[in-house]
Amino acid sequence: EEKLQSILDAGRWAPSVMNIQPWRFIVIKDQEVKKKIKETCEKTISFLHQESGWKWLGKYPVDFLEQAPILIAVTADPKNTGAEQFLPGRGEGYAFSCCAAVQNMLLAAHAEGLAGLWYTLYEKEDLKAILQLPAEIDLLSLIVIGYASKPLKEVPRKPLNELITVIE
């Protein structure tokens with residue numbers, strides 16, 4: 001519980017557009033709810049595998065959604081966004097702010113010796129129904145938190161020179 005509170009507090013301290021702090025965190029511990037989430041995510045992955053033809057998706061088990069002790073749903077009301085909402089085609093400041101909260105929570109989990117995963121392979125409306133979220137609330141991601149069952153592999157990164165453009 002102490003580690004969980006530290007992770008949630010890290011999310012709370014994330015920067016946000018106009019300091020609106022639009023995020024709301026739903027901590028999911030209930031096994032039946034996690035089972036329903038896993039089942040709907042399996043359906044989503046099956047659909048994505050068929051639509052994309054990506055072979056790796058067919059081999060992507062999501063048992064961890066049920067096995068992990070904690071899932072955190074990151075939600076927000078899109079009305080809680082910044083001034084960019086008045087620019088044509090904009091209004092995503094609330095989502096960017098929630099992404100900062102997700103990163104803070106993942107970094108806090110790592111600092112606590114836990115494994116974390118930013119998970120988004122789900123149909124929003126299906127998960128919103130499971131979590132009983134009102135229609136106007138956006139579900140931005142799930143964070144999966146627990147102890148790793150085996151040592152984590154280093155994740156490859158692109159070289160920095162491929163990611164930078166300098167305008168002088």
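In this predicted model, helix 2 is followed by G53, a residue whose phi is positive, near 75°. Helix 2 itself covers residues 31-52. At 1.5 Å a residue, its 22 residues should span 32 Å, and the end C-alpha atoms are 31 Å apart, which agrees with that expectation. At the start of the helix, the backbone nitrogen of E32 has a side-chain oxygen of D30 within 3.0 Å. The buried residues of helix 2 are K34, I37, K38, T40, C41, T44 and I45.

The structure holds eight salt bridges. In the bridge between D63 and K38, the closest N and O atoms are 3.8 Å apart. This pair links distant parts of the chain, since D63 belongs to the loop between helix 3 (55-58) and helix 4, while K38 belongs to helix 2, 25 residues apart. Salt bridges that share partners join K38, E42, D63 and E66 into one network.

D138 and K124 form a salt bridge in which the closest N and O atoms are 2.6 Å apart. D138 counts as buried, at 11% relative accessibility, and K124 is partly exposed, with a relative accessible area of 34%. The salt bridge between E125 and K128 has its closest N and O atoms 3.9 Å apart. E125 counts as exposed at 54% relative accessibility, but K128 is buried, with a relative accessible area of 5%.

Aromatic contacts were examined next. A pair of aromatic rings is described by the distance of the centres and the angle of the planes. A search of the whole structure finds five aromatic pairs. One of them is formed by Y60 and F64, which are edge-to-face, with 6.3 Å centre to centre and 70° between the planes. Y60 is partly exposed, with a relative accessible area of 27%, and F64 is partly exposed as well, with a relative accessible area of 23%. F64 also pairs with Y119; this arrangement is edge-to-face, at 5.8 Å centre to centre and 75° between the planes. Because F64 lies in helix 4 (residues 64-67) and Y119 in strand 3 (residues 115-119), the pair ties together parts that are 55 residues apart in sequence. Y119 has a relative accessibility of 2% and so counts as buried. W54, W56, Y60, F64 and Y119 form one aromatic cluster.

A nonpolar patch is present on the surface. The patch consists of L160, L163, I164 and V166, which together have about 420 Å² of accessible area. L160 is found in the segment after strand 4 (138-146). At 58% relative accessibility, L160 counts as exposed, because the cut-off for an exposed residue is over 50%.

Technical notes. Residues numbered from 1 in each chain as written. Predicted model: local features only at pLDDT ≥ 70, side-chain atom pairs only at ≥ 80, totals over all residues. Heavy atoms only, no water. Phe/Tyr/Trp six-rings, centres within 6.5 Å; stacked < 30°, edge-to-face > 60°. Buried < 20%, exposed > 50% of the residue type's maximum accessible area, 1.4 Å probe, protein only. Helix = DSSP H or I, 4+ residues; strand = E, 2+ residues; numbered from the N terminus. Expected span 1.5 Å × (residues − 1). Polar contact = N/O pair within 3.5 Å; in protein donor to acceptor, adjacent residues only side chain to side chain. Patch = residues over 30% accessible without salt bridge, like charges linked within 9 Å, V, L, I, M, F, W, Y side chains within 5 Å. Areas by Shrake-Rupley, 256 points an atom, 1.4 Å probe, with all protein chains shown as cover. Salt bridge = Lys/Arg side-chain N within 4 Å of Asp/Glu carboxyl O.
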